[in-house]
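Subject: Structure handover

Hello,

Here is the structure I promised to pass on. Please look it over, then read my notes below.

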Amino acid sequence: MSADEWAVAAAEEILDRCDQLAELTCMENGIERDYLSPQMAQAYELTARWLEEGGLATHIDQAGNLVGRLEGREPGLPALVLGSHLDSVPDAGKYDGILGVVTAVSVATHLARTGKNKELPFAIEVLGFGDEEGARFGATLLGSYAFGGGWNDEWLERTDSKGVSMRQAFRDFGLDPDRVNEAARKREHYIGYLEFHIEQGPILEQRDRALSSVTSIAAASRYMVTIEGMSCHIATPYDLRHDALTAAAELISAIDAISQQAGTRANVGEISAQPGGVNVIAGKTTFSLDVRAGNDRLRDDVFDRIWARADEISTSRKVKISHTMIHTANSVQCDPFLRSCIEKGIERAENKEAFGLVSYPGHDGMAIAKLLPIAMLYVRCKGGVSHSPYESVTAADVAYGTQAFEQAVLNVAAHNLAYEKTSDDAREA
Ligand SMILES: [Zn+2]
């Protein structure tokens, strides 16, 4: 079985368009496209052309996001947003974010060409966010925060690696840095947000499936953990040591076990030991800790268990263990109704039962969720690899995804109509 004919043709076009966008890069031998950069302006020009060819009206908002709008059965209705981001990490792949925008363009175009938009009880807005990855200014989700009303003017003073302030970058892009807040949308003008994105993990591949919904975007908290012991000669007997590095090793192993048992994701990716001599017992270690969980309570439970274990290790190894939080974000639950619209779309396209996955990477939806109900559709990527030139998707999977994504939009519409009909019936009765 394969996807519908139009979706199969659309998938070829989508992959070709992702190739074209990959050419718009500031890297010599790789892909990097940054917020408010000349390459982003070129990407907007190209994507706006596709949107306009598809029958959508386009503009760039005050935060530097690309917007395409397709009216529904009458002009000016609240919009369902189909969005993702057009920026990338350094040395990126072709699909993280980009695939979601380009697929939204194709779905909106197909709705317009078939005239289905004329029956929609809402408008469609395709959003290409200018910043999700934060590669240029070190703060992430800038475009989607501005959209969702979470913009912070202090960000304007940040500078990029060449010393250009964000304030200046806005001017260079032809935008007024003092008007970014005007990009904040009003709740009554929108009904919800749907995002199509590569999985960035291997679960779909493991389950031999093309698509899934997302249940939640994970809670994430990051700490720096410091262990203080005492440096001394290797000759020191074990019972007299205060070894900060073996204590770290024991704690890191415990973190791994606790997180695995809880079904969360933890990582210690960075560690330093001092003074750093082959024949010197380490007096101090510092390591990073990132924990992600499907909901906030689970994350908090995992940290409680990690710190309890740290207390035990501190006593047994005669060291002092402390921690400092450097980042925390609560989980975002996907809206059950929008999620069911996506899952019914998946079932229709793939003819298999749909299921949901926790998204451990962050997404634009986190910033949008403060304003709107959100849901996401995941498509399988090869080996689960992302943020890498080796990102890969198949045309067959993208075809299923495109069909499912359009079906999700139609499912949202069908529900709205059913709801209106019920209330009319209720009124008549
Ligand atoms: Zn992304």
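Start with Arg167. Arg167 is partly exposed, at 21% relative accessible area. On this scale, buried is under 20% relative accessible area, exposed is over 50%, and partly exposed is in between (1.4 Å probe, protein chains only). Its partner in a salt bridge is Asp178, with 3.2 Å between the closest N and O atoms. Arg167 sits in helix H5 (residues 166-172), while Asp178 is in the loop between H5 and strand E5 (190-198), so the bridge ties together parts eleven residues apart in sequence. Asp178 is exposed, with a relative accessible area of 59%.

Some ground rules. This is a predicted model: local features need pLDDT of at least 70, side-chain atom pairs count only at pLDDT 80 or more, and totals for chains, interfaces and linings use all residues. Residues are numbered from 1 along each chain as its sequence is written, and side-chain values use heavy atoms, with hydrogens and water left out. Helices (H or I, at least four residues) and strands (E, at least two) are DSSP runs, numbered from the N terminus.

Salt bridges

A salt bridge here is a side-chain nitrogen of Lys or Arg within 4 Å of a carboxyl oxygen of Asp or Glu. The count is 22.

One of them pairs Arg69 with Glu125, at 3.0 Å from N to O. This pair links distant parts of the chain: Arg69 is in strand E2 (residues 66-70) and Glu125 in strand E4 (residues 123-129), 56 residues apart. Glu125 is buried, at 7% relative accessible area.

Another joins Arg309 to Glu250, with the closest N and O atoms 3.3 Å apart. Arg309 belongs to helix H8 (residues 296-316) and Glu250 to helix H7 (residues 244-262), so this bridge ties together parts 59 residues apart in sequence. Arg309 is partly exposed, with a relative accessible area of 26%. Glu250 also counts as partly exposed, at 26%. Shared partners put Glu250, Arg309, Glu312 and Arg317 into one salt-bridge network.

Cysteines

How many disulfides are there, taking a disulfide as a pair of cysteine sulfur atoms within 2.5 Å? The count is zero. For Cys341, the nearest cysteine sulfur is that of Cys334, 13 Å away. Cys341 is buried, at 2% relative accessibility. Cys381 is in no disulfide either, and its nearest cysteine sulfur, from Cys18, is 13 Å away. Cys381 counts as buried, at 1%.

Best wishes

Conventions
A disulfide is a pair of cysteine sulfur atoms within 2.5 Å.
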